[in-house]
There are 2 protein chains.
Amino acid sequence: MTGDAMAAEHDSGEAGGGHETVDGRKLRGQRRRAQIIEATLEIVRRDGAAGVTHRTVAKEAGITTSLTLYYFATLDDLLVAALTSVTDDYTSRIRQLIDHEDDPLAGLAELIAESGGPGRERALAERELSTLAARRPALRPIARRWRDNVAELGRTQTDDPDTIEGFVALSDGLCTAILLNDREADPGHIEAVLSKALLRSSE
Amino acid sequence: MTGDAMAAEHDSGEAGGGHETVDGRKLRGQRRRAQIIEATLEIVRRDGAAGVTHRTVAKEAGITTSLTLYYFATLDDLLVAALTSVTDDYTSRIRQLIDHEDDPLAGLAELIAESGGPGRERALAERELSTLAARRPALRPIARRWRDNVAELGRTQTDDPDTIEGFVALSDGLCTAILLNDREADPGHIEAVLSKALLRSSE
DNA sequence: GAATTTATTGGACGATGGTACTAATAGTTC
DNA sequence: GAACTATTAGTACCATCGTCCAATAAATTC
């Protein structure tokens, strides 16, 4: 078990092995952090946030329990880090849609539709973590980042604030709807509903 | 502590004491169930679903732990019952809007806006329980009932299926947005956003 | 290559959890 | 009031959890 972890730790080539000792050390630490966060997310995906304990995370990562504690003093820190990570991930994808895509709306629709298929567990994890955020004011800004980015994506289509607000809420709500449905979601249909919501701005 | 529970158990007048012995017994059981569910919800409201244990529920209800186990063999049963109860509650309020209100849309907007104020904890509890449902297919129909009723409310305003779908998702998303915001929600504004979403049907 | 810092380990402690078990207490039926 | 069932109460068992601690290994510095 630990063998796998060590292998994973060492196989990704370390760029340069010269005199950047300090950076090298820091990097290792950062990698461990990332590894632990990833293990945490895997558990959230599989069993939900309730399944996250120091022990389960450690087991998932193939390290000892004390080590997770070494990097994240409390379980809370770990969950916060995980929420932040997953949010960063998602927002960067949306950011990419805004900056590098001809039709960001279609891209968003696809992203949303994924919640019904391959991205289901990830979407569940996000929802769970954002629910966590709803209870802790300190976390809300992080959770809101997703919404802010969706809003910015919406702003490429219209300027009306109310429409934008509705657009974000709609995107979020569609995601929830998909999670509560058993069938897969049709990206085309999602896009249709989304763009319909934007039509109002042209009135 | 148990004294309070006993008092609460006995003070609500028991209608008829004649020969309906069996019914009387059943009724008491039902009342206990309801009491335990209510205690559960109180904990979900206050501390989140993670805070629900046989012991905390029993303490909240002022009864012994074994009793909660007597009525709900497993914690899961308890959470399921709580989810069902809270959903029934909410749907019945929406039902009332549809059947007895001149302006159901305004009523819904008010209901949604409550999530930012006095109904915040209740809304949090609902979200938490519905998140639970997303992970258990068996629970999804229960969680979907709210959506079905909102859809029916929407159907009093338009017939377009896509618009209805968007309307439900929007209602849900607005609720989430309010939960992630720190400020209170303005019912009038919510209603405006909602009715804007319905405008499309008249195109 | 010794000293120092950082990373990692294994194990322990006290607290809490789910659940089972048993005895007592109503309440009902005959 | 005896026999029986439904209900309540107390408690005990075992697993797990968060967290701590002392010791070790590895890396880094001088």
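In this predicted model, the two copies of the chain meet through the same surface, because 100% of the interface residues of chain B are also interface residues in chain A. Two copies of a chain are related by a rotation about an axis and a shift along it.

With regard to secondary structure, chain A comprises 10 helices and 0 strands, and the order of elements read along its sequence is accordingly α-α-α-α-α-α-α-α-α-α. Of the 203 residues in chain A, 50% are buried. When the contacts in chain A with a separation of 6 or more are considered, 64% of them are accounted for by residues 24 or more positions apart.

Helix α6 of chain A, which spans residues 104–113, is largely enclosed by the rest of the structure, since 9 of its 10 residues are buried. The buried positions of α6(A) are Pro104(A), Leu105(A), Ala106(A), Gly107(A), Leu108(A), Ala109(A), Leu111(A), Ile112(A) and Ala113(A). These buried residues pack against α5, α7, α8 (140–155), α9 (161–180) and α10 (187–199) of chain A.

The largest pocket holds about 740 Å³ of space. Helices α5 (75–100) and α7 (120–135) of chain A, together with α5 (75–100) and α7 (120–135) of chain B, are the elements that give two or more residues to the lining of this pocket. The lining consists of 25 residues, and those lying nearest the centre of the pocket are Ala49(A), Ala50(A), Glu128(A), Ala49(B) and Ala50(B).

Helix α7 of chain B also contains Leu124(B), a residue that is buried, with a relative accessible area of 5%. Although Leu124(B) and Val44(B) are 80 residues apart in sequence, their C-alpha atoms are 8.3 Å apart in space.

A further region of chain A is marked by annotation: in an unreviewed entry, UniProt lists residues 53–72 of chain A as "DNA-binding region". Over residues 53–72 of chain A, the chain is 75% helix and 0% strand, and the C-alpha atoms at the ends are 12 Å apart. In chain B, Leu69(B) is found in helix α4, which covers residues 65–71. Leu69(B) is partly exposed, with a relative accessible area of 42%, whereas Leu124(B) is buried. Leu69(B) and Arg55(B) are separated by 14 residues in sequence and, from C-alpha to C-alpha, by 9.8 Å in space.

Concerning the cysteines, the structure holds 0 disulfides over all chains. Cys175(A) has a relative accessible area of 12% and is therefore buried, the cut-off being under 20%. Its counterpart by number, Cys175(B), likewise counts as buried, at 13% relative accessibility.

Conventions. Residues are numbered from 1 along each chain as its sequence is written. Chains are lettered from A and ligands numbered from 1 in the order in which they are written. This is a predicted model: local features need pLDDT of at least 70, side-chain atom pairs count only at pLDDT 80 or more; totals for chains, interfaces and linings use all residues. Side-chain values use heavy atoms; hydrogens and water are left out. Contact means heavy atoms within 4.5 Å. A disulfide is a pair of cysteine sulfur atoms within 2.5 Å. Buried means under 20% relative accessible area, exposed over 50%, partly exposed in between (1.4 Å probe, protein chains only). UniProt positions are given in the numbering used here, feature names are shortened, and annotations may be inferred rather than shown by experiment. Helices (H or I, at least four residues) and strands (E, at least two) are DSSP runs, numbered from the N terminus. On a 1 Å grid over the protein atoms alone, a cavity is a set of points where a 1.4 Å probe fits but cannot get out, and a pocket is an open set with protein on both sides within 12 Å along at least five of seven lines; lining residues have an atom within 4 Å of a point. Grid points are joined across faces, edges and corners, and a volume is the space filled by probe spheres set on the points.
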